[in-house]
Every structure is written in structure tokens, then in C-alpha cells.
Amino acid sequence: MNFKKYVKYIPFLIFLIILLCYHWKLAVVTADYPTFQTIVSKHPLLSLTKNGFLSYRYATWSSRSLIEFNVGVLVSVPTEIWRILDSVIFTAIAVLLSKLLANNNESPFFYNCLACLFVGLFILTFSKILESAGWLATTTNYIWPICFILIHFYLLKEFIFKNKDISKFKRTIIYLILIITLLEAISSEQLLVMVGGAYLFAIVYCLYKKIEIPKLIYLFIIIILFNFIYDFCCPGNINRVKVVTKLGFPDYANFNIINKLDVGINYFLSWILMAKDLFSVIFLALLGFYTYLISNKKKITIITLIPCLAVLFFASLRFANFTTVYSYFDLTNLKHGLLSLGFIRMLSCGVMYLIITLIPLYSIYLIYKDNKKLGYFIFVLLILGFGSVIISGFTPSLTSDGRIYLNYLFVMIILDYLLVDKILEFKNKN
């Protein structure tokens, strides 16, 4: 047996072992865990009656039926099962990042290490968010669907769009996995919107490039539309909004659509400006640097680094405890949106928002001119990440202790990984 071809997978094995050790130290029976245990004890998990777990949750609290069923199962078995499965899920995400995005086959070991590094940094830097509703509930609700949709798109890329010649049995299995992973992923309302948007952009791209759209795609579109209807008709979602509004944010009842968009957009842009996550800072730096590399007008493209410098400036203010200036621009907890501020502060923050919005869009335009497929892909991912956060303005629970950002953060990880790959690819060619 040739062991050399398996060396590239060593980073994933080491990462899995580290994750298992990390998970074994986590406190699991906290936050929402006991709540779900109580609900399952009163409402049988496998019962299809009105008193059953799924019917009860759909009627009273949430349309995330498949996700909540997973949580119900996991709180009914020893916590060691979740520790193992969650470690595998995070490792699988690292594997899928490498499989989906890395184009350089000459350095697979490096790219596999890079994928593990990004996922590991995510866990370490956002552990407070991951434990906000309890590790089990948060990861099962937010991280597992991300893994499922990555599996879905990987299989879609490798077996459907490439139209590989495989046996009927294997094709049937792949179709089933595609459907199951899609259903699991879009059980999350955020991912439902993001995946629906991703398929819309994919269809537009196929039509523009005159690429034949596989018939299976139309089945996935029907499933997505059905889930939109399922969520929209859910009485539990309506009830949850009423309960959360009354208990946590009564003013939300008076919000119109402009207020909700204002809050969502402000949360998104303020989060980036205040350097609340490492991956957005890395993205702005890599985007500016890559734009500088591919451009013939080096002096002009230096401006593409301004957003990264602005974000680093505010990060330095936070670490240096210059709280007056930092607090003036920090609107990450502003429940009533940018329009609720005084004119001068609204204008000041608005100008900074324009800087971190328009200049990256200019960078993407320059990338699009150089590589249309890459520019389009980056733009689509940013739109999907943006959409996943502005949804926060349409819920009275708003940021939910940062959980609303988890899907966006994985978009950033994808873009960071992709840009590192493209920068190294450019360096090798030149």
C-alpha cells in the first residue's frame, strides 16, 4: 500500500483528535439542554400526534423541525455521542473547505492544514457564541446545517454538474444524500434564505454562460419553495415573535420595514467596522492585497487597503482602551438602528460604513474584470453573508448573543481560504 498518498490527510486526523480532546472538556448539560430534555419528557420524540415533540414545537415555537428533532435525539442519549459527532462535523467542514475550494493539487498538505487552522480559529475565537445557548443546542442548530449544505454543494459540484458516469445505485445514493442534506440545512431559516439565494445566483450564472441546468436542480428549487411556505405558515414562529417582543424588546412591535432594514444593515456594517471578528479583517486585507497584485495601476489600487486599515484602527482603539472614540462609532448593540441617532453621529458612522462598503465593491469589480467567474463568486458570497445578518432586523431577538453572525462568519472563512488560494496561485504563475 502506498502510504504517501494518505499523508495529506494527516492534518484532518490530528485536527479530529484535538477536537475530541477539546469536546471532552466542554460542559454540555447547560443552557437549552435541560429545557429540551424537559420538553422531550413531556412530548414524545417519535409521536406523530398533536402532543408529539415535532407537532408541539411547530405549533408553539419554531419551524426548525429537522434541526430540533436532532437536538431532541441528542439530549436523549449520552453526551459522549454528541461530543464525537460534533468533532466529526467540524472536521468534515475543514475537509469540505479543502475539497470545494483548493485548486492547487501540488500542495494538498498545506491547504488541508490551512482549512483546519481556519476552522480551529473559528472555534477558539467564538467559543462564547457557541456556548451562548449551550454547546449542544448551538452547534446542532447552526454549525451542523453549515456542514450539511457544504456536503450538498460538494456532491452537486462533483457528481451533478460534472455529470460523472456512475452506476444507478451510486447515483441513487448520491441523490438521496443531496435531498437529505438540503432538507437538514434549510431547516435553519437563515440558511434557507442563503441557499435559496445561492440557487438563484447559480441559475442566473448558468443561463448567462449557457450552461445546461441539471433537471435535479428544479427538484431542489421546489423543496426550497416548499420550506419557505412551511416556515411562513408556522404558528410557532408567530408565537415566538410575540413572546420575545413582549419579554425582551417591546419597541419592536412598532417597527416598520425601514426600521428593520436599518437595524439589520447597521448590525452588519458595525460588526465589520468594529473588528468584531478576525475573519472579516483577514478578508479585507486579502481582498485589498489580491486586487493590488492583479492590477496594472498599483498606485490607484492602494486605496483598496483603506477598509482594512480603518478596521485595524478601531481594533487598536479597543485594545488601547480609547473608549470615547471607539464607543462613538460602536453601534453593534444599537437596537433602534442608525436612523435613531443624532445627525452628526449618524453622518460620521454612515461615512465609515460607505468606506468599508464601496471600496471592497470596487475591489470586486477589478477582480471581476480580471476573472469574471471569481469576481462573481466573491460578490455572490458577500451578498449571501450580508443577507444572513440583515435578517436580524426582522426578529425581536436581534443578534441572539451573536448567533446571528455564525453563517456570515463561515462565509468569511470560505472567502479567506479562497483568496489565500488565489494569491498563492498568482504568485506561482508569476
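User: How many residue pairs are in polar contact between domain 1 and domain 2?

Analyst: Idea to start with: a polar contact is a pair of N or O atoms within 3.5 Å; within protein, one must be able to donate a hydrogen and the other to accept it, and residues adjacent in sequence count only if both atoms are side-chain atoms. Here, 7 residue pairs between domain 1 and domain 2 make the count, both partners being at pLDDT 80 or more. Bear in mind that this is a predicted model, where local features need pLDDT of at least 70, side-chain atom pairs count only at pLDDT 80 or more, and totals for chains, interfaces and linings use all residues. Residues are numbered from 1 along each chain as its sequence is written, and side-chain values use heavy atoms, with hydrogens and water left out.

User: Which elements give two or more residues to the side of domain 1 that touches domain 2?

Analyst: Helices here are DSSP runs (H or I, at least four residues), numbered from the N terminus. The elements are α5 (79-101), α6 (108-125), α7 (127-130), α8 (135-161), α10 (189-209) and α12 (235-248). That side of domain 1 has 28 nonpolar residues, 10 polar and no charged; Ala, Val, Leu, Ile, Met, Phe, Trp, Tyr, Cys and Pro count as nonpolar, Asp, Glu, Lys and Arg as charged, and the others, Gly among them, as polar.

User: What area do domain 1 and domain 2 bury between them?

Analyst: The size of an interface is often given as the accessible area lost when the parts come together. Buried area is what two parts lose that way (1.4 Å probe), summed over both. For domain 1 and domain 2 that's about 3500 Å², 77% of it on carbon and sulfur atoms. Contact means heavy atoms within 4.5 Å, and 38 residues of domain 1 are in contact with 38 of domain 2.

User: Where is Lys210, and what is its phi?

Analyst: Look in the loop between α10 and α11 (216-232). Phi of Lys210 is near 55°, positive in a residue other than glycine. Lys210 counts as exposed because its relative accessibility is 77%.

Conventions:
Buried means under 20% relative accessible area, exposed over 50%, partly exposed in between (1.4 Å probe, protein chains only).
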